[in-house]
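Keep the viewer open as you read.

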Amino acid sequence: MNKLAHILLVEDNRMDVELTLDAFREARLINTVHIATSGKDALDYVFGRSKYTDRHTYPRPNLILLDLKLPGIDGFDVLRQIKETPILKRLPVIILTSSKEEGDRALSYDIGANSYLVKPVSFEGFLGVVRQIEGYWLSLNVGPPEENV
């Protein structure tokens, strides 16, 4: 991505949201980060529903960082709905979770996750993950062509 990216962070834990935003600031990422705190909120955002209908204010994300353990609609269902929708299926979704369970990892990839990252415990470790996300997904990676909207 050679342009300013819009990142959707889907995370229900307020402390993890703050940790992620702090790491983005520390890494000096200039991309806009939008927050969804539930699976329903994430789906409303990506599909432009409810309070997210204004695409100027809430643009479709270029990258999603998705936690799996969410209240109500979990991360697996969010991922499934995104990857089953033709206009969204190419959207990169990175699972960012505390789960080290092999079954969670396998299911995430089966559904269509582009990457699976386990959240580090320390801030320095998390900062390293954020820098890797920026270096690969936002700089090196040449994404798929955008679908006509």
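## Ground rules

Helices here are DSSP runs of H or I with at least four residues, strands are runs of E with at least two, and both are numbered from the N terminus. This is a predicted model, so to speak of a local feature takes pLDDT of at least 70 and side-chain atom pairs count only at pLDDT 80 or more, while totals for chains, interfaces and linings use all residues. Residues are numbered from 1 along each chain as its sequence is written, and side-chain values use heavy atoms, with hydrogens and water left out.

## Helix H2

Start with H2, where 7 of the 9 residues are buried, so the helix is largely enclosed by the rest of the structure. "Buried" means under 20% relative accessible area, "exposed" means over 50%, and "partly exposed" is in between (1.4 Å probe, protein chains only). The buried set is Gly 39, Asp 41, Ala 42, Leu 43, Asp 44, Tyr 45 and Val 46.

And what covers them? Strand E1 (6-10), E2, E3 and helix H3 (75-83) are included in that cover, with contact taken as heavy atoms within 4.5 Å. After H2 comes Gly 48, with a positive phi near 65°.

## The tyrosine cluster

Rings of Phe, Tyr and Trp (its six-membered ring) pair if their centres lie within 6.5 Å; planes under 30 degrees apart are stacked, over 60 edge-to-face, and the rest tilted. By this rule there are 3 aromatic pairs. One of them is Tyr 45 with Tyr 52, a tilted pair at 5.0 Å centre to centre and 55° between the planes. Both of these tyrosines are buried. The rings of Tyr 45 and Tyr 58 have centres 6.0 Å apart and planes at 85°, so that pair is edge-to-face. It links distant parts of the chain: Tyr 45 sits in helix H2 (residues 39-47) and Tyr 58 in the loop between H2 and strand E3 (63-66), 13 residues apart.

Tyr 45, Tyr 52 and Tyr 58 make up one aromatic cluster. Tyr 45 is buried at 1% relative accessibility, whereas Tyr 58 is partly exposed at 25%. There's a charge here too: the charged end of Arg 55 sits over the ring of Tyr 45, 6.0 Å from its centre. For that, NZ of Lys or CZ of Arg must be within 6 Å of the ring centre and within 35 degrees of the ring normal.

## His 34

His 34 belongs to strand E2 (residues 32-36) and is buried at 12% relative accessibility. Its side chain has a polar contact of 3.2 Å with the side chain of His 6 and another, at 3.5 Å, with the side chain of Tyr 45. A polar contact is a pair of N or O atoms within 3.5 Å; within protein, one must be able to donate a hydrogen and the other to accept it, and residues adjacent in sequence count only if both atoms are side-chain atoms.

## Two loop residues with positive phi

Most residues other than glycine have a negative phi. Arg 28, in the loop between helix H1 (14-26) and E2, has a positive phi of about 60° and is exposed at 70% relative accessibility. Ser 50 lies in the loop between H2 and E3, with a positive phi near 60° and a relative accessible area of 53%, which makes Ser 50 exposed.
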